[in-house]
Amino acid sequence: MTQGQIYKIHSDFYYVVSDGGTFECKIREVLKKQKEKILVGDFVEFDNGHIVKILPRKNFIKRPSVANVDQIIIVSALKEPDLDLHQLNRYIALAKYFNIPAILCFNKEDLKWDRHLKDKIKKIYEPLGYRIAYTSATEHKGIKAFEKILEGKTSVLCGNSGVGKSSLVNAVNPELNLKTKKISEKTQRGTHTTRHSEIIPINENSRIVDTPGFSNVRFDFILPADVDLLFDDIVCYRDGCKYSDCLHINEDGCNVLENIDKIDESRYESYLAFIDEAKEYKEKVKYEGRKQEYSKKVINNKTIAKISDRKRQSSRNTIKQNIYKEIENEDNE
């Protein structure tokens with residue numbers, strides 16, 4: 001049995017890199033029955049061109065689906081398109097949710113942008129402990145520092161289309177020649193040039209995961225009471241709230257609201273937007289229910305396919321019928 005890591009998935013084929021080279025594999029039927037989803041970045045065991053086991057993950061991101069990454073680098077443009085702090089807060093909260101370290105990179109420093117933004121960025125995000133880098137892919141400014149951020153790690157780059165993610169990677173290693181497209185003059189947005197996730201080596205010990213993008217990040221998969229956990233600058237005041245289920249909107253005795261002057265306006269506005277999305281999820285759970293029949297179970301640390309309740313009942317009925325037949329035959333004798 002050989003171990004390796006999935007570096008690309010295309011159609012039903014999984015491309016694995018290991019010490020012995022690269023291999024094109026398919027999934028064993030038992031994994032298909034367990035409905036186990038394999039992600040780019042997963043470490044697996046494979047044999048004779050078939051993946052037989054998925055090894056435990058360090059972490060993962062649900063969409064785009066990648067696993068076992070060291071950090072998320074959130075790339076924003078200072079200009080063209082204009083810096084969107086609310087979108088930046090979405091990416092930061094996403095990294096927080098999946099418990100993956102995040103680094104903030106502000107690209108296109110060569111353009112004419114509002115220099116007061118730098119003070120604002122520093123005031124909001126430095127106290128939260130985020131490492132901040134400024135770059136210009138076109139003029140090669142800050143690229144050495146950006147390369148150091150990538151050093152020895154597997155990094156996911158996220159950010160709106162058109163902010164220069166691929167251009168930054170090309171600046172670090174021009175031989176990669178990742179596809180780039182200019183942003184639209186009309187919409188001030190770019191178009192995604194990546195169609196699937198793939199791990200790409202930058203140098204001997206640094207890799208990036210090229211992904212189709214994170215443009216549809218919404219927090220409609222968590223409950224409202226959990227949203228403040230994604231905001232270090234809000235959750236730090238939560239214990240002082242009068243009610244344990246306080247959502248920090250207009251409740252009596254809310255310690256967050258009492259300290260609202262210490263929280264940046266854009267951060268609190270983002271929090272309120274995520275609360276609205278989480279309320280949609282709560283309503284969905286309330287009316288649709290969340291009962292789920294799992295397709296696998298773990299016994300003695302081994303994952304095996306689980307028979308559904310319907311099939312299990314069908315099997316029991318067959319056994320009962322056979323018993324009744326045996327009793328009838330004995331009576332007839």
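A residue is called buried here when its relative accessible area is under 20%, exposed when the area is over 50%, and partly exposed in between (1.4 Å probe, protein chains only). The structure is a predicted model, in which local features need pLDDT of at least 70 and side-chain atom pairs count only at pLDDT 80 or more, while totals for chains, interfaces and linings use all residues. Residues are numbered from 1 along each chain as its sequence is written, and side-chain values use heavy atoms, with hydrogens and water left out.

Helices (H or I, at least four residues) and strands (E, at least two) are DSSP runs, numbered from the N terminus. Just after α4, G152 takes a positive phi of about 70°.

Attention now turns to charged side chains. A salt bridge is a side-chain nitrogen of Lys or Arg within 4 Å of a carboxyl oxygen of Asp or Glu, and the structure holds 13 of these salt bridges. One of them joins the side chains of K58 and D70 at 2.6 Å, N to O. This pair links distant parts of the chain, 12 residues apart, with K58 in the loop between β5 (50–54) and β6 (60–61) and D70 in the loop between β7 (66–67) and β8. K58 is exposed, with a relative accessible area of 53%, whereas D70 is partly exposed at 26%.

Where does D228 stand, buried or exposed? With 1% relative accessibility, D228 counts as buried. Its side chain meets that of R238 in a salt bridge (3.2 Å, N to O), and R238 is partly exposed, with a relative accessible area of 28%.

R267 and D233 also form a salt bridge, with the closest N and O atoms 2.9 Å apart. R267 lies in helix α8 (residues 265–288) and D233 in helix α6, so the pair ties together parts that are 34 residues apart in sequence. Both R267 and D233 are buried. Finally, salt bridges that share partners join R90, R218, D220, E277 and E280 into one network.
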